[in-house]
Amino acid sequence: MRAAVCHAYGPPEGVKVEDLPSPPLAAGRVRVRVRAAAVNFPDVLIVANQYQISVPPPFVPGSEFAGVVGEVADGVTGFAVGDRVFGTAMVGAFAEEIAVAPDAIRHIPGDADDRLAAAFGVAHRTAYHVLRSVARLEPGEEVIVLGAAGGVGLAAVQLGAILGASVTAVASSAEKLAVAKAHGATHLVDRSADDLRSALKATLPDGADVVVDPVGGDLAEPALRSLRWGGRFVTVGYASGAIPRIPLNLVLLKGIQILGFEFRGFAAKVPDELERNEKELMELFGARRAVPHIGAAFALDDAAAALRYVADGRAIGKVVLDVSA
Ligand SMILES: NC(=O)c1ccc[n+]([C@@H]2O[C@H](COP(=O)([O-])OP(=O)(O)OC[C@H]3O[C@@H](n4cnc5c(N)ncnc54)[C@H](OP(=O)(O)O)[C@@H]3O)[C@@H](O)[C@H]2O)c1
């Protein structure tokens with residue numbers, strides 16, 4: 001099979017597409033013929049060995065995919081050869097085949113196409129768990145979303161609006177903000193043109209209830225300062241490359257709650273909420289209310305270019321690899 005391979009940690013350009021043997025089908029696993037995969041910022045971090053977990057090279061990067069079940073190991077129930085499925089894994093998705101445990105995949109609802117299904121597994125699930133369970137967003141609340149045209153950010157804009165909140169999107173260009181607006185943002189703030197604190201104050205004079213922050217760096221503190229008394233700040237990631245340090249007097253003065261989200265910990269510690277949220281989210285996807293925006297598509301042979309595109313913060317919504325093409 002063709003696969004993108006990381007032989008040594010480093011920049012995206014080190015990832016090369018080559019022929020590999022198909023992954024072995026161990027007991028209890030399902031082989032999926034991948035048709036589309038999506039690129040996430042964490043893939044860039046895993047290739048650079050800057051992620052929370054190290055994956056020893058050589059490995060095939062890629063953490064979300066959609067395709068068709070090609071083989072099912074003895075004893076596995078719920079999936080049959082030919083089923084259309086989508087799923088997530090730590091690595092392995094940038095390849096024509098991936099072998100996974102059945103709990104890593106689910107059937108594609110309705111006739112959703114492969115790209116949309118491949119792009120739904122990480123960003124929308126992250127954003128929904130963050131809004132629903134961590135921030136506990138209520139209808140009518142004001143939520144600020146940083147990196148609002150990125151994968152997690154745009155999903156948070158769309159889902160925040162679906163949950164009945166008023167969403168203030170913060171992004172670095174008019175093009176990115178236009179996409180956030182089309183996905184339900186009420187207010188738009190260009191962080192490249194304005195002093196962020198002043199712009200947020202002008203936009204939300206009474207402050208916000210919630211901040212969703214997948215960016216960190218210099219954006220975190222002005223966004224936190226824009227919360228009203230009792231506001232909730234959720235740290236989700238550091239796409240800027242810098243982990244912010246927040247003066248705790250800001251937290252004290254406004255009774256702010258700083259909260260964190262990390263997928264594996266959340267899944268392990270609050271499985272009941274995870275299950276409820278996933279069920280709600282799959283209903284939204286099946287009804288086409290929550291749908292990823294595909295901003296760019298690359299061939300599998302161009303996996304390195306796709307990773308570079310995401311690493312440089314150019315992605316608008318999701319970036320996909322057309323694997324079967
Ligand atoms: N906690 C979790 O479980 C979890 C799950 C998924 C992802 N994450 C993390 O969430 C973050 C966002 O992931 P994503 O897939 O949404 O990424 P993405 O699609 O690349 O979006 C990241 C956004 O960050 C902004 N940004 C600011 N400075 C940047 C820089 N120097 N380089 C790149 N982007 C920059 C960009 O928006 P502007 O240009 O508009 O500023 C960009 O749209 C990552 O750190 C990822 O690791 C965490």
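Start by selecting Asn-49, which is found in the loop between helix 1 and strand 4 of this predicted model. Its phi is near 55°, a positive value in a residue other than glycine. Asn-49 is partly exposed because its relative accessible area is 32%, between the limits of 20% and 50%.

Stay in that loop and select Pro-58, which also lies between helix 1 and strand 4 (64–72). Display the peptide bond from Pro-57 to Pro-58: the bond is cis, with omega near -5°.

Next, go to Arg-288, in the loop between helix 10 (271–286) and strand 14 (294–299). Here too phi is positive in a residue other than glycine, with a value near 65°. The relative accessibility of Arg-288 is 36%, so this residue counts as partly exposed.

- Arg-191: a polar side-chain atom lies 2.7 Å from an oxygen atom of the ligand.
- Phe-261: a backbone N or O atom lies 2.8 Å from a nitrogen atom of the ligand.
- Ala-239: a backbone N or O atom lies 3.2 Å from a nitrogen atom of the ligand.

Finish with the ligand surface. On its own the ligand has 900 Å² of accessible area, and the protein covers 88% of that.

Note on methods:
Residues are numbered from 1 along each chain as its sequence is written. This is a predicted model: local features need pLDDT of at least 70, side-chain atom pairs count only at pLDDT 80 or more; totals for chains, interfaces and linings use all residues. Side-chain values use heavy atoms; hydrogens and water are left out. A polar contact is a pair of N or O atoms within 3.5 Å; within protein, one must be able to donate a hydrogen and the other to accept it, and residues adjacent in sequence count only if both atoms are side-chain atoms. Accessible areas come from the Shrake-Rupley method with a 1.4 Å probe; for residues, only the protein chains shown count as cover. Helices (H or I, at least four residues) and strands (E, at least two) are DSSP runs, numbered from the N terminus. Buried means under 20% relative accessible area, exposed over 50%, partly exposed in between (1.4 Å probe, protein chains only).
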